[in-house]
Amino acid sequence: MLFSSVEFLFRFLPVFMLIYLLVPEKYRNIVLLLGSLLFYAAGEPYYVLLLLLSILVNYGAGKLILEKEKKIAKNVLILSLIYNFGMLFVFKYWDFAAGLVNQLFAGEKIPLLSLALPLGISFYTFQIVSYLFDCYRGKLKEKADFVSFAAYVAMFPQLVAGPIVKYEEVAERMKERKIKAKSVESGLKLFSIGLGFKVLLANQIGTLWNTLMSAGPGNLSAVAAWMGAFAYSFQIYFDFWGYSLMAKGLGKMLGFRIPRNFNDPYTSKSVSEFWRRWHITLGRWFREYLYIPLGGNRKGFWRTVLNLFIVWSLTGLWHGASLNFVLWGLTFFILIAVEKKGFGKWLENKKVVGHLYVVLLIPVTWMIFAITDMRQLLHYLQNMTGIHISDVIVGSEQVMRYVKEYWVLFIFCILFSTPYPMELYRKYKQKWYTIAIIAVIFCLSVYELMSGSDNPFLYFRF
């Protein structure tokens with residue numbers, strides 16, 4: 001079930017919120033858990049059992065880690081990590097790894113499982129692992145009761161596409177939370193803005209990207225290829241930021257503080273800064289549970305490079321079981337390693353150059369991310385440099401037509417990728433005209449949804 005769907009907006013959410021607000025406070029975790037499982041089962045009727053199994057196994061593991069002596073707790077942690085990452089590997093990476101082995105040895109040495117990817121498994125696996133590590137490190141002195149832990153893992157606002165929430169961020173609210181009319185109103189506003197970003201910006205600019213890709217990655221002029229790269233860059237930005245805002249808004253309505261996942265990343269002056277601002281909770285997870293335990297930057301430059309290599313190889317793989325994602329992660333590893341050698345400090349002192357560097361480089365990295373076929377990816381990157389190995393189908397005439405059709409949308413995308421619109425919203429969010437604008441955004445979004453416009457969430461596939 002999508003947040004940006006008529007079924008969610010006018011069936012699930014109103015009924016759920018009515019029950020959630022009417023029941024006594026002590027039963028709200030149960031309502032949240034049951035509602036979240038129903039939400040997940042609507043899209044994954046069988047894999048909801050896998051989610052329940054993960055909840056049961058990891059609740060028991062967390063309890064043992066908190067109650068047993070250090071040696072036993074460590075062994076339980078290791079076994080639970082094997083279980084969690086083992087399940088993730090089987091469902092997400094088995095066929096990828098088996099395919100590589102079979103290609104290497106020119107035969108079907110390992111059978112393919114052809115399993116469908118459970119929705120949100122990468123997100124809830126990382127969330128569960130953060131809970132287990134925090135139990136082991138002593139950050140969580142008080143164990144969660146079963147319903148609270150299950151509601152934390154399955155909480156529908158962030159279950160299928162994040163943010164990746166640490167238990168300590170919601171622990172107090174799991175025990176006690178008052179739902180105020182002001183927080184519900186604030187949450188509805190944020191949700192509506194996120195819905196607008198998703199439906200009115202991401203979906204619309206995504207049609208241009210899809211149109212250009214349908215012409216063939218090797219059949220675009222250089223201008224058309226760059227236009228497509230910028231279109232996809234805005235699509236994935238407003239798609240994921242829109243979802244994150246909707247999650248944050250829903251969290252407010254439920255009485256929780258969902259952590260921020262974006263901080264105007266396209267205004268960055270370096271790739272390192274971009275990744276501190278993009279998908280903040282994923283970057284935090286890799287930093288706290290992998291990069292720092294490996295030694296971070298405390299053991300010299302070359303050890304730092306090795307740690308970055310490990311982190312970014314796994315960051316690429318986390319996003320998808322495909323060679324293009326590995327290449328995407330390694331691209332960022334090289335760029336960030338170069339910046340740590342001194343180039344990043346130079347960029348910080350050259351703001352205009354830094355901004356241009358990010359604006360031109362990030363769309364190229366998004367092409368590596370978006371195009372899974374390596375040959376098509378090579379052709380697209382060649383097109384961006386003006387190299388063509390086949391006839392140009394989308395040339396200057398088609399580009400001018402797309403400019404006339406999409407220039408207003410590009411202006412809006414550029415404007416809303418800066419911090420100024422949200423700063424204005426925070427300043428004037430209680431004014432009647434702000435509420436009226438948000439109402440119009442919501443109505444226009446619903447109109448687009450009712451018209452049957454293309455409506456995928458890009459990050460759902462991870």
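**Helix packing and buried residues**

Tutor: In H1, the residues Phe8, Phe12, Phe16, Ile19, Tyr20 and Leu21 meet Arg28, Val31, Leu32, Gly35, Leu38 and Phe39 in H2. By class, this contact of H1 with H2 has ten nonpolar, one polar and one charged residues. Please bear in mind that the model is predicted.

Student: Are H1 and H2 roughly parallel or roughly antiparallel to each other?

Tutor: Two packed helices are described by the angle between their axes and the distance between the axes. Helix H1 spans residues 6-22 and helix H2 residues 28-43; their axes lie 9 Å apart and form an angle of about 165°. Angles over 145 degrees count as roughly antiparallel. H1 and H2 are therefore roughly antiparallel.

Student: Which backbone oxygen lies 2.7 Å from a polar atom of the side chain of Lys189?

Tutor: Lys189 has its place in helix H8, residues 181-214. At 7% relative accessibility Lys189 counts as buried, because buried means under 20%. Setting aside neighbours within four places in sequence, Lys189 is in contact with Tyr425, Lys429, Gln430, Ile435 and Ile438. The oxygen at 2.7 Å belongs to the backbone of Lys429.

Student: With which side chain does the side chain of Lys166 make a polar contact?

Tutor: Lys166 is in the loop between helix H6 (146-154) and helix H7 (171-175), and is buried with a relative accessible area of 9%. Not counting residues up to four places away in sequence, Lys166 touches Ser130, Asp134, Tyr152, Arg284, Glu288 and Tyr289. The polar contact, at 2.9 Å, is with the side chain of Glu288.

Student: Which backbone oxygen does the side chain of Thr418 reach?

Tutor: Thr418 lies in the loop between helix H16 (396-416) and helix H17 (420-428). Its relative accessible area is 18%, so Thr418 is buried. Apart from neighbours within four places in sequence, Thr418 is in contact with Asp264 and Thr267. Its side chain reaches, at 2.6 Å, the backbone oxygen of Leu415.

Student: What is the phi of Asp264?

Tutor: Asp264, one of the residues in contact with Thr418, is found in the loop between helix H9 (222-254) and helix H10 (271-277). At 10% relative accessibility, Asp264 counts as buried. Although Asp264 is not a glycine, its phi is positive, at about 50°.

Student: What is the relative accessible area of His279?

Tutor: His279 is found in the loop between H10 and H11. Its phi is near 45°, a positive value in a residue other than glycine. His279 is buried, and its relative accessible area is 0%.

Student: How far apart in space are Gly295 and Val394, C-alpha to C-alpha?

Tutor: Gly295 is placed in the loop between helix H11 (280-291) and helix H12 (301-319), and counts as buried at 1% relative accessibility. Along the sequence, Gly295 and Val394 are 99 residues apart. In space, their C-alpha atoms are apart by 49 Å.

Definitions and conventions. Residues are numbered from 1 along each chain as its sequence is written. This is a predicted model: local features need pLDDT of at least 70, side-chain atom pairs count only at pLDDT 80 or more; totals for chains, interfaces and linings use all residues. Side-chain values use heavy atoms; hydrogens and water are left out. Helices (H or I, at least four residues) and strands (E, at least two) are DSSP runs, numbered from the N terminus. Buried means under 20% relative accessible area, exposed over 50%, partly exposed in between (1.4 Å probe, protein chains only). A polar contact is a pair of N or O atoms within 3.5 Å; within protein, one must be able to donate a hydrogen and the other to accept it, and residues adjacent in sequence count only if both atoms are side-chain atoms. Contact means heavy atoms within 4.5 Å. Axes are lines fitted to C-alpha atoms, for helices over the stretch in contact, and angles run from 0 to 180 degrees between N-to-C directions. Angles under 35 degrees count as roughly parallel, over 145 as roughly antiparallel, 65 to 115 as roughly perpendicular and the rest as oblique. Ala, Val, Leu, Ile, Met, Phe, Trp, Tyr, Cys and Pro count as nonpolar, Asp, Glu, Lys and Arg as charged, and the others, Gly among them, as polar.
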